[in-house]
Amino acid sequence: MDKETKELLKRTLSMTDDKLLLKFAKSYAAKDQAFAEAIIEKFLPVGSVVDFEKMVKDCFLHKKKGGRRRYGPSLDWTAIRRDIKRLLKQLDHLRQQQDDETAVEGAMLFLEVLDEEFEKDCVYEDYNYSNSNFGNEEALAIVSDVMQNSKSVAHSTKLKLLQRLEALAKGDTYKTYLACNMSKTANTIKQQLLPPEDQVKDVDKNIKAAQYDSDRAYYVKWKVKLLRQLGRNDEAETVISKYLHLDGIAALRFEQLVEESRFDEAKSFCLDQIRWIDSRQYRTIQPWQERLLEVGQRMGDLETVRNSTKWLFAYGNVTQDDKKEYYRICRETFNDDGWPAFRDEMLIAGRKGNASSSIVLQLYEEEGLYNRMYLYLQELSDEGGNYHYGPYTNSGGERLYFFSQYAHRLTNEQRQEMVKAFAGTIMQDSRGARDRERYRQIANGLHHLSQSCEEGKQQARLLARQILRENPGKPAFREEIEYYDY
């Protein structure tokens, strides 16, 4: 190629879109066998002559244009991603062609080099957490697939690869920045490669080294499973008893008792856990109340079912729909005159706990307790004496919003009394309003009042007219009020 042609080719390629270039290469290769073979030889190397170490390291040669920013990366990680994508396609092709040993070695080497370059280049100083996959997930999938399913890779080779994988899993790169369940994958592979006796020794080390209770519980469960596999059931029970202070292990004991239909023991165990946790107050007793409910239902123990559903309704950190379901479960355990008294206790507990005003009012309506609904509406909080005129659950300013929904369940006298109170507050608020946000709140309040009942509609119309008369120089106030039709 002469110098002029070479220069023209360089200019042409620099201005050509990658997709158009790829399309041209495919089209030309279809017509020219030698060209096609050259592409295959260059970009899809296979066989024992492949230098994957060079191929992997070549991915990380892209320097950032303009030099390194202070404390920032010096490599162009966007360009690196593109090369990594091509590399992974080649590794995946090798896997499909049953060249498992080359594929897994290339994938493992890539994970190691990525770890090294990522940390060395301080990428975490300029890290975008919204996109934490640099091909590590795909490479780990290849490693996992080969290690668990390939019969052509020697067991000794797999054990060496496992050691390398565990070393990577312990570092910050794959635990914090490029999270891809590497530790879990290594553990899964280990369970398949090592005999149970060797796994027990390894797990013991992890139990001692675990920094967090959740990690320790994970390894204790693993050890219990292994001991049972080996028929060492008494030893497994001893391990469980030793670590009952871990929530995950206590749950394991509960599951065992239920599975063996030892419901009385399961119930006592739940109650012991609730008392133990409650005395320390460092974690919630909710999971144990849920388990206690399960046992109560299995035993037909109505008292246990009622007490657990009452607690879950009042204090459970669950959706409001779930709270209604707990209420329904409890109600179905009664078929005599005992329900009204227990219901009242349950609703009072819910109001003191975290049952929303919306749920409490719905249940008052279902039960036909309209006088109590009225008293509850009266008890709903205001914020600093000022209504917010909106449904802020368990906070100030709920009363008018819920009155607009349930006014039809109140007596005429009760409605008139509440309409009069709201009218006075809205009028007072309007005289202190100084900005559009406050104008909007007042207009919203008038709207809710007008939606409540006929008395409320008439009063809202009168208030709107009076407020506009008193504020002729506030066009924003007029605009907010006239947004609604009274």
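1. Ala, Val, Leu, Ile, Met, Phe, Trp, Tyr, Cys and Pro count as nonpolar, Asp, Glu, Lys and Arg as charged, and the others, Gly among them, as polar. By these classes, the lining of the second largest pocket has 11 nonpolar, five polar and eight charged residues.

2. This is a predicted model, in which local features need pLDDT of at least 70 and side-chain atom pairs pLDDT 80 or more, while totals for chains, interfaces and linings use all residues. Residues are numbered from 1 along each chain, and side-chain values use heavy atoms, without hydrogens and water.

3. Helix α21 spans residues 370-379. Helices are DSSP runs (H or I, at least four residues), numbered from the N terminus. Met373, Tyr374, Tyr376 and Leu377 are buried there. Buried means under 20% relative accessible area, exposed over 50%, partly exposed in between (1.4 Å probe, protein chains only).

4. Why do the buried residues of α21 line one face of the helix? Seen down the axis, they fall within an arc of 165 degrees. That arc is taken from the directions from the helix axis to the C-beta atoms. The face turned away carries the exposed residues Asn371, Leu375 and Glu379.

5. What covers the buried residues of α21? The cover includes α19 (339-352), α20 (357-367), α22 (399-406) and α23 (412-431).

6. Ser452 sits in helix α24 (residues 436-452). Its relative accessibility is 9%, so Ser452 counts as buried. Leaving aside neighbours within four places in sequence, Ser452 is in contact (heavy atoms within 4.5 Å) with Phe403, Ser404 and Ala407.

Note on methods:
Helices (H or I, at least four residues) and strands (E, at least two) are DSSP runs, numbered from the N terminus.
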